[in-house]
Amino acid sequence: MRPLSASCSPGDLGAGGATPCPGRLGYLSGAPRVSTRAEAELGACRAHVLGVIDAFREMGWTVDPYVVGDRVPVSWIRGSGGMLASSLSHRLGADIARFALNQWHARRAWRELRGRCDWVYERAGVFQALGRPFSRAGIPWIVESNAPLHLEGRHDRPSIGAQPLVRRWELGVYRDADAIVTVSATLRDILSGYPGVDAGKILVVPNGVDTRRFDPERVVPQRFFPGPTIGFVGTLFHWQWVETLLSCVAELRVEGAVRWSVVIAGQGPQYAACRAAAERLALGPDAVRFLGQVPWSEVPAVIAGTEIGYSGQSVLHGGAMYNSPLKIYEYMAMGKPVLASAFEDAQRSITHGETGFLFRGGDRNALKQALREAWHARDRLKSMGRRARQRTVAEHGWEQRVRAIVTGVADLLERRPA
C-alpha cells in the first residue's frame, strides 16, 4: 500500500482508533450497462455507484473513477436489457463482448490509475476483473458483490448465456480479491460456500441512501391521486411482486373498506404483465398510474407524492432473497413508511407499526393483511414517515456505509499474512 504521507496511510487508524485516514481510491466498474450518466436505464446501479463515490469523497478520500458504462455509446446503457432477455444468442454475444471489453479496459484502467491509488474498489460485473492488474502490483483489491452473478444472470435477470464460464470467472475474482463487500448476510453465506472463497475476508455492508438528495424538504411532491397512495419505484421483475400488489389492492377495493391507489415508476420485464393485470382487475386511471421510466432527478418528487412505499421482494432462484433494496432507504429518507416483505434489510431498518409494515415474503394473504393494517393507520402515516426519516439519516446514509467499509477493509488488510 502506498501511503499518502509518512505519517498516515489508509490502513492507519485515525484519532481515537476510529476511522482509518483518508487515502486515494480507484473506483472501478466494468459492466457496460452500469453508468453514472443521467440516461442510464439501471437507475439503482447509478444511485449505488454515485453514493459510494460521493461518500468516499465526503470522508476526505481522493477518488478516481473508471466506469466503463460512462465510456460506451449511450445506446448501450438504455433499453438493452430486454434484448438480452429475449434471445440466448444475444446473451452469448453479450458475454463475448463483456470478455473483450474487460481485456481492453483492464489495461486502460491500469495505465490511467496506476500510481494514483492506495486501494481499488470494484463493483463486480460479468466477466469483469479490472482490479486484477492492480492486485498483481500489490495494491489492495476490494470487490463489491451485489448478487451471485452466474445465478442471477441466468434465472432472475436473464442476461448471460455461458453460465459455467461466468461462474468460473466470478469465483476466481472472489478468490483473488483482498476483501469482498456483500450487501447482505444471506449473500455472504452464499459466497462463502463457494470452493476456495475465504469467508474471513467478506464484509457485510447493506446499501444506503443519499439523505441530502432524498430529502422531503427539498422537493415539491408530484401527486397523481387525491387519496392515500402506495408508491413503487424500481425495475419491474417478477420477484418484486408488483402484480400481486395490484391484485390485492383490487380485491380490497371490491370489498369496499380499503381503497388504496398505486403509482408505479419504472419499467422492466414485468411491465407489460403488470399493465395487463391492472386492466384485467378493472383498476382504471382512478386506481393505478404507470409512469414508465422516470428520470433519476424526478424520483424524489414521485416518492414525495405518495403516503407509503412498497418493497415486496419474494424469494429469488435458489430459495433465498439476498438483495439489499435501495428503495427501502429511499422511501424512508423521503419521510415515508414502508410496506415491505420481511427479509433481511427490511427487518433491520423497519419497525412494524412505527416506521412501516412488514409481511411474510411470498405470502399473499400476509400482504393483503398488511395493506389493511396500513389503511387503518393512515392518519399516522405522516408521523411514522418522520420517524423513518430520522432513523435513516442517523443510521442508513452512504457515509455510514462507506465508513464501515473503510474500517472493515483496513482491519482485514492489517490482519492478512505478509
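Is G125 buried or exposed? G125 is buried, with a relative accessible area of 9%; buried means under 20% relative accessible area, exposed over 50% and partly exposed in between, with a 1.4 Å probe and protein chains only. This is a predicted model, in which local features need pLDDT of at least 70, side-chain atom pairs count only at pLDDT 80 or more, and totals for chains, interfaces and linings use all residues. Residues are numbered from 1 along each chain as its sequence is written, and side-chain values use heavy atoms, with hydrogens and water left out.

**Confidence**

- The mean pLDDT of the chain is 89, and 90% of the residues score at least 70; pLDDT is the predictor's confidence in each residue, from 0 to 100.
- Residues 1–7 have a pLDDT below 50, and this stretch has 21 contacts in the model beyond near neighbours in sequence; contact means heavy atoms within 4.5 Å.
- Residues 13–17 also have a pLDDT below 50, with seven contacts beyond near neighbours in sequence.

**The loop between β3 and α4**

- G125 lies in the loop between β3 and α4; helices (H or I, at least four residues) and strands (E, at least two) are DSSP runs, numbered from the N terminus.
- Along the chain G125 and N102 are 23 residues apart, and in space their C-alpha atoms are 9.8 Å apart.
- V126 is in the loop between β3 and α4, and it counts as buried at 12% relative accessibility.
- The C-alpha atoms of V126 and F99 are separated by 8.2 Å, while the two residues are 27 residues apart along the chain.
- F127 is found in the loop between β3 and α4 as well, and its relative accessible area of 8% makes it buried.
- Most residues other than glycine have a negative phi, and most peptide bonds are trans.
- F127 is not a glycine, yet its phi is positive, at about 55°.

**Aromatic pairs**

- The whole structure holds 10 aromatic pairs; rings of Phe, Tyr and Trp (its six-membered ring) pair if their centres lie within 6.5 Å, and planes under 30 degrees apart count as stacked, over 60 as edge-to-face and the rest as tilted.
- F127 and W169 form an edge-to-face pair, with 5.7 Å from centre to centre and 80° between the planes.
- This pair links distant parts of the chain, 42 residues apart: F127 is in the loop between β3 (119–123) and α4 (132–136), and W169 is in helix α6 (residues 163–176).
- W260 and W375 form another edge-to-face pair, with 5.4 Å from centre to centre and 80° between the planes.
- W260 is buried at 1% relative accessibility, and W375 is buried at 9%.
- Y27, F56, W61, W119 and Y121 are linked into a cluster by ring pairs.

**Charges over rings**

- The charged end of R289 sits over the ring of F225, 5.7 Å from its centre; a charge sits over a ring if NZ of Lys or CZ of Arg is within 6 Å of the ring centre and within 35 degrees of the ring normal.
- R401 lies over the face of Y329, 5.3 Å from the ring centre.

**Two helices in contact**

- Two packed helices are described by the angle between their axes and the distance between the axes.
- Helix α11 (residues 326–333) and helix α14 (residues 381–395) have axes that come within 7 Å and cross at roughly 115°; axes are lines fitted to C-alpha atoms, for helices over the stretch in contact, and angles run from 0 to 180 degrees between N-to-C directions.
- Y329, M332 and A333 of α11 meet G385, A388, R389 and T392 of α14 in this contact.

**Two further loop residues**

- W241 is in the loop between β7 (229–233) and α8, is buried at 14% relative accessibility, and has a positive phi near 60°.
- V72 is in the loop between β2 (62–67) and α2 (80–86) and is buried, with a relative accessible area of 8%.
- Not counting residues up to four places away in sequence, V72 touches P32, R37 and I77.
- V72 and P32 are 40 residues apart along the chain, and their C-alpha atoms are separated by 6.9 Å.
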